[in-house]
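Subject: Structure handover

Hello,

Here is the model for your files, with the sequence alongside. My notes on it follow below.

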Amino acid sequence: MTKKRRSQNWYGKLDKDGFIHRSWMKNQGFPDHAFDGRPIIGICNTWSELTPCNSGLRDLAEGVKRGVWEAGGFPVEFPVMSLGETQMKPTAMLFRNLLAMDVEESIRAYGIDGVVLLGGCDKTTPGQLMGAASVDLPSIVVSSGPMLNGKWKGKDIGSGTDVWKFSEAVRAGEMTLQDFMAAESGMSRSKGVCMTMGTASTMASLVEAMGMSLPTNAALPAVDARRAALAHLTGKRIVEMVDEDLKPSDILTKEAFVNAIKANAAVGGSTNAVVHLLALAGRIGVDLSLADFELGSEIPLLVNCMPSGKYLMEDFCYAGGMPVVLKELADAGHLTSAKTVLGGDITAYADGAECYNEDVIKPFTDPVKPAAGLRVLRGNLAPNGAIVKPSAASDHLLEHEADAYVFENIEDMKANIDRDDLPVTPDTILVLKGVGPKGYPGMPEVGNMPIPAKLVREGVRDMIRISDGRMSGTAFGTVILHVSPESQAGGTLGLVKTGDRIRVSASTGALDLLVDDAELDARRAAWTPDDPHYTRGYAKLYIDTVLQAEHGADLDFLVGKDTRLVTRESH
């Protein structure tokens, strides 16, 4: 081979340094010709038994390796931090940026020419993409894939979405604790991510819509043999991408982000996609702002999956998956030309797509809901923005004015939400402070706070809830999220008092605290931030440097990229 590859700066030297790099690798049984200048492909694996969503990635890695070897490459698997969404405290989001640092520095430090990103659980996909984008070597994604549909008492149940429903039913006395516990074993029946259109499946869908994976990556179940075949084909393709020098910066253009925003609306995707796309854009150098998400506000909801619909990801797969959604967007003039990992245009992903169940994937002309994309809200309560997900909200609450009831922090909310004398009505707007990036820290998924117990018993299942936090992509309700600036950073949210009037208008994009400026100025002068929850280690670094939600909650010193080759040796 005449072209000198990046990896040859490690393995192609005929000196002491080359000896060290090659010799220690050979203790694994690799022969001389593995280092002959062929592409060395890193397989960046977030497998972990503490990340159940990603517990099948060891098997997928073997599929990738087969494809790499077939194409003449040399696959080398390496681990990075794995973020178990359902297992980590205080929140996996606190560690997304740490994973991104791990991925970035691992790719930069090792002698590889391209990388396959194996992820799936909510924060692993964006964290890996952010890290890879900051190094900008040829990269491609293989997702874990969703679990099989949950089953209980002869019906389908969905990850997260039915947890929230069942939990409220128990609180209302409509479901026994015994039945609640019995549903637990039937909900998660196989390896894979949540089988609702939660954040994990949302991000897999958007990765496909942005052309950073092969077609059909989003919806194939984790245990479907076709996902293993997709992993094999991905391994083959990354070798070709290295030869073509096809990098994330060639694919993740502004047009790709626009396609992701519109696809997110069409699939009823997670609100968490906002912070992840904004952070990724900051790494790759694309000018993306919160206002750009309005591009999806008029896109109809096409995918009838929980939490915005009734079906699950397995059904979405069998109905045709993301290629059908992309075809509907393309036919309606809403799919922008953009390059993909296949080297061609994203429209090729829709070629030949056919819908096999129009109750699961609706046509553009007969959607589940019209104009269902995320709405950006602004006003004196959120000068830098907040978001709401109309497809998962109650229509009658999207235009609303009422008194606020304020919880000062998560402990206050948990201690008092079930009080029989809590002074709230179905019209009350619940406000939760201190759950933003700095305040919690990590911006947890607690924005969809429980309905007060006394109202649950009366049959109330939705109220307006406002916070500087996030909510699970599996959650639903009229929940206003990502209020910025957050309360801990001195935002107006921190000044709200119980009894204040708040006005919400999704149609006009308004979120206002109806308190006069003089009163707010007086409250601001008397306000002081809470003491930080952490004073050492990574969490302190996070609190000190994290950006606000409208910038993707990345760390300020991680924005951008560094594509320089490391030239200094270790010995």
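How many bridges join β9 to strand β10, and do the two run parallel or antiparallel? Four bridges join β9 to β10 (residues 429-432), and the two strands run parallel. Helices (H or I, at least four residues) and strands (E, at least two) are DSSP runs, numbered from the N terminus. Two strands count as paired if DSSP finds at least two bridges between them.

This is a predicted model, so local features need pLDDT of at least 70 and side-chain atom pairs count only at pLDDT 80 or more, while totals for chains, interfaces and linings use all residues. Residues are numbered from 1 along each chain as its sequence is written, and side-chain values use heavy atoms, with hydrogens and water left out.

Strands and sheet

Strand β3 (residues 114-119) is joined to β4 by five bridges, and Gly119 stands opposite Ser143 in β4.

Helices

Contact means heavy atoms within 4.5 Å.

Helix α18 (residues 537-545) has as its buried residues Tyr538, Ala539, Tyr542, Ile543 and Thr545. Buried means under 20% relative accessible area, exposed over 50%, and partly exposed in between (1.4 Å probe, protein chains only). Those buried residues of α18 pack against α4 (96-109).

Backbone details

The bond from Lys89 to Pro90 is cis, with omega near 0°, and Pro90 lies in the loop between β2 and α4. The bond from Ser484 to Pro485 is likewise cis, with omega near 0°; Pro485 lies in the loop between β12 (479-484) and β13.

Asp136, in the loop between α5 and β4, has a phi near 65°, a positive value in a residue other than glycine. Asp136 is buried, at 7% relative accessible area. Asp245 is not a glycine either, and has a positive phi of about 55°. It sits in the loop between α9 (225-244) and α10 (248-251) and is partly exposed, at 39% relative accessibility.

Second largest pocket

The second largest pocket holds about 580 Å³ of space. Its lining has 26 residues, and Trp10, Tyr11, Ala109, Tyr110 and Gly111 lie nearest the centre. On a 1 Å grid over the protein atoms alone, a pocket is an open set of points where a 1.4 Å probe fits, with protein on both sides within 12 Å along at least five of seven lines; lining residues have an atom within 4 Å of a point. The volume is the space filled by probe spheres set on the points, which are joined across faces, edges and corners. At least two lining residues come from each of α1 (8-11), α2 (16-26) and β2.

Regards
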